[in-house]
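Here is a short briefing on one protein structure.

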Amino acid sequence: MSKAKRVPRPDTPTWLVTCLDGPDTPPLRNTHLFGHLNHIEANNAAYRVAGPIRDTLDGPIIGSVFLIPAESAEAAIASMQDDPYIASNMYASITAVNFAPACGQWMGGVIWDQDEIRANLPKYT
């Protein structure tokens with residue numbers, strides 16, 4: 001089996017911001033959709049990736065997730081404040097947790113070195 005290519009870790013921490021809809025969301029989503037899209041397009045470089053989430057492939061949108069580079073969870077959420085979806089208090093909840101992009105197709109490889117992990121196992125488990 002071939003090994004995945006080693007790639008550098010992102011320079012800035014990444015925050016997984018999850019925004020979940022509530023019962024009052026649908027009319028606000030309709031009202032602010034194009035303002036939201038304009039904001040995302042104007043600030044595209046501020047997101048590692050972002051998009052809507054659904055319970056099923058063709059189900060209704062139930063929220064959005066954003067991977068945002070920032071030094072803290074507070075800074076990640078603050079960077080979103082001018083988005084009309086956020087400014088209108090459309091979401092019932094917004095949470096941010098640290099996310100470590102470590103591997104995968106979009107990363108282009110893996111960030112780890114197995115020899116380093118073996119030598120420092122307590123740090124990784």
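Four strands form an open sheet in the order β2-β3-β1-β4, with antiparallel pairing. Strands pair if DSSP finds at least two bridges between them; strands (E, at least two residues) and helices (H or I, at least four) are DSSP runs, numbered from the N terminus. This is a predicted model, in which local features need pLDDT of at least 70, side-chain atom pairs count only at pLDDT 80 or more, and totals for chains, interfaces and linings use all residues. Residues are numbered from 1 along each chain as its sequence is written, and side-chain values use heavy atoms, leaving out hydrogens and water.

- The edge strands, each pairing on one side only, are β2 (49-54) and β4 (91-99).
- From one strand to the next, the twist averages 20° (axes are lines fitted to C-alpha atoms, for helices over the stretch in contact; angles run from 0 to 180 degrees between N-to-C directions).
- Antiparallel pairing joins β1 and β3 over 7 bridges.
- Leu 20 stands opposite Gly 63 in β3.

**Helix on the sheet**
- Helix α1 (residues 25-42) packs on the sheet and touches β1, β3 and β4 (contact means heavy atoms within 4.5 Å).
- The direction of α1 makes about 30° with that of β3.

**Nonpolar core**
- The largest nonpolar core has 15 residues; such a core is a set of buried Ala, Val, Leu, Ile, Met, Phe, Trp, Tyr and Cys residues joined through side-chain atoms within 4.5 Å.
- Buried means under 20% relative accessible area, with a 1.4 Å probe and protein chains only.
- Elements giving two or more residues to this core are β1 (14-21), β3 (61-69), α2 (73-78) and α3 (84-87).
- β1 supplies the largest share, 3 residues.

Terms used: Buried means under 20% relative accessible area, exposed over 50%, partly exposed in between (1.4 Å probe, protein chains only).
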